[in-house]
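This briefing goes through a protein model by topic. Please keep the sequence and the 3D view open while reading.

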Amino acid sequence: MIPVRWSSVRLLALAAGLAAVSAVPAVAERPSLLPAGWDADIKLAEAPDRNPDPGIVEIEIVAKLAEVEVAPGTRVTAWTYNGGLPGPLIRARVGDRLIVHFRNELEQETTIHWHGIRVPIEMDGVPGISQPPVKTGETFVYDFVVPDSGLFWYHPHVMSAAQVGYGLYGPLLVEEPDEDVGVADALTIVLSDIGIGPRGLLEPADSGGSAGMVFGREGNHVLVNGRVRPELRARAGVPQRWRIVNTAKSRFFFLDLEGQTFIKIGGDGGIQEYSERKDVVLVTAGERVDLIVMPMGEPGGEITLRSLLYNRGYGSIEYRSVEDLFTIQFTDEAPLPAPVLPEMRRAIVPPAVEGATPVTMQFTLPPVDGKGESEFRINGVPFWKAEPFKARIGETQFWTLDNQTPWDHPFHLHGYFFMPVDEAGVPISPMEWKDTLNVPMNETIRLLVTFDERPGEWMIHCHILDHADGGLMGTVLVGDVKPSSHHTHVPPR
Ligand SMILES: [Cu+2]
């Protein structure tokens, strides 16, 4: 069963485009309305496609140490993909085959997980479960079709908090050529952070011990496409599309553009049911948002995109300050009046709640033990003691995620999209396919998920990667497959 109906999206987008045909030319013809080099300070390097077949994107990714400059004069030797922070933007179209020749030049084993992509299990990048780890000097070929459009991302699934925190992540943009949002100027934005110690070295991944794990460590340099406070140039009023992914290992981003309105048109799994206007937008760890913004301001002036304080648990607002993410420097041209944008709509058929199998997952954090250690648990057990949850192929399940801890947990399911719903199983409006969803502290959320025909053992975990490594992780066995011996996984202490 394929829950995503692209033909409907295409038709609706085309109909919307036709209705306003004089104001909204087709994608290819729409010229940029911004000055040349407007995004030069922020634009990501792209992975070159070495395969001439238009239906295949074939690239090389090397994990290696490299010195990066996150701010003028601030350099650090990070763990990188292809020497950059973040890793290169991988660009493909819906239905393309993506072939990635991966080589590990790090001194530690690693893998690549393709966050949000509905891959076959062999391509999911989880060591000991879906593939052997890629050891130092070894290679692995990832080869799969990208079936859905949207912004996704890639990162290791080995010592995740450490490896992601040290810089191993990059964006994967899957485009739908017929999708027309009415905007010529677009950015892919990777929000993250990195911890740099006083001697210019990476902060150790275990800093703060058990308390650091329970909080979810945040880096002391907040990065936008690998830079501290870069600058965009823009003409006021010109619409821009920002596709944003939060790749930080713990930090949430709570976006505010000096009170100006964002139009949210989509998220994790592409375009949402209908767009919504928002004054602030929360992007928790691992999530994506697809926004249209029309920044307004005085000619020659500037405005700043900020991340406001957001309470995700003790330590996230105490003695903390608002973070400036990037500035938009306006040209001297007069502001353009707000344009007419095509109405973005998508027909989404949610999984049926009737007959769905109920599954409850309680997240707990017992008091610290005699050794001063602590661990997160799902239904009373940490990952290293857990038996897998189970699902049949084609089965729909109604999950209740009950967070009994005083910290938020952005919950991620590998390999499948799910639909957030209320107590009765009615989808939350506007409907949106999600693969990562925040479960706020001391709250309960619910979702419906249908397990299509991709058997295997699929991870579930908190995307605050310190929490995942601290026990908030599990697996779902889909179909008649043997469980791995993941419960021999040793707690990281
Ligand atoms: Cu968590």
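**Cavities, core and metal site**

The residues lining the largest cavity divide into 7 nonpolar, 3 polar and 5 charged. The model is a predicted one. Further points on the cavities, the nonpolar cores and the copper site follow.

**Cavities**

- The model has 3 cavities of 30 Å³ or more.
- The largest cavity holds about 180 Å³ of space.
- Its lining is made up of 15 residues, and Arg-251, Phe-252, Leu-308, Ser-316 and Arg-320 are the ones nearest the centre.

**Nonpolar cores**

- The largest nonpolar core has 93 residues, and Trp-114 and Trp-399 touch the most other members.
- Strand β1 (residues 56–71) gives this core its largest share, 7 residues.
- Leaving aside residues up to four places away in sequence, Trp-114 touches Ile-90, Leu-98, Val-100, Met-123, Asp-124, Tyr-142, Phe-144, Trp-153, Tyr-154 and Leu-172.
- There is also a second, separate core of 30 residues, with Ala-236, Val-238, Ala-248 and Leu-325 among them.

**Copper site**

- The copper ion has His-409 (ND1), Cys-462 (SG) and His-467 (ND1) as its protein donors, at 2.0 to 2.1 Å.
- The spacing of these donor residues in sequence is H-x52-C-x4-H.
- His-409 belongs to strand β24 (residues 409–413) and His-467 to helix α4 (residues 465–469), so the two histidines tie together parts that lie 58 residues apart in sequence.
- His-409 and His-467 are both buried.

Technical notes
Residues numbered from 1 in each chain as written. Predicted model: local features only at pLDDT ≥ 70, side-chain atom pairs only at ≥ 80, totals over all residues. Heavy atoms only, no water. Donors = N, O, S within 2.8 Å, 3.2 Å for Na, K, Ca; no water. Helix = DSSP H or I, 4+ residues; strand = E, 2+ residues; numbered from the N terminus. Buried < 20%, exposed > 50% of the residue type's maximum accessible area, 1.4 Å probe, protein only. Core = buried A, V, L, I, M, F, W, Y, C linked by side-chain atoms within 4.5 Å. Contact = heavy atoms within 4.5 Å. 1 Å grid on protein atoms, 1.4 Å probe; cavity = no way out; pocket = protein on both sides within 12 Å on 5 of 7 lines; lining within 4 Å. Points joined across faces, edges and corners; volume = space filled by probe spheres on them. Nonpolar A, V, L, I, M, F, W, Y, C, P; charged D, E, K, R; others polar.
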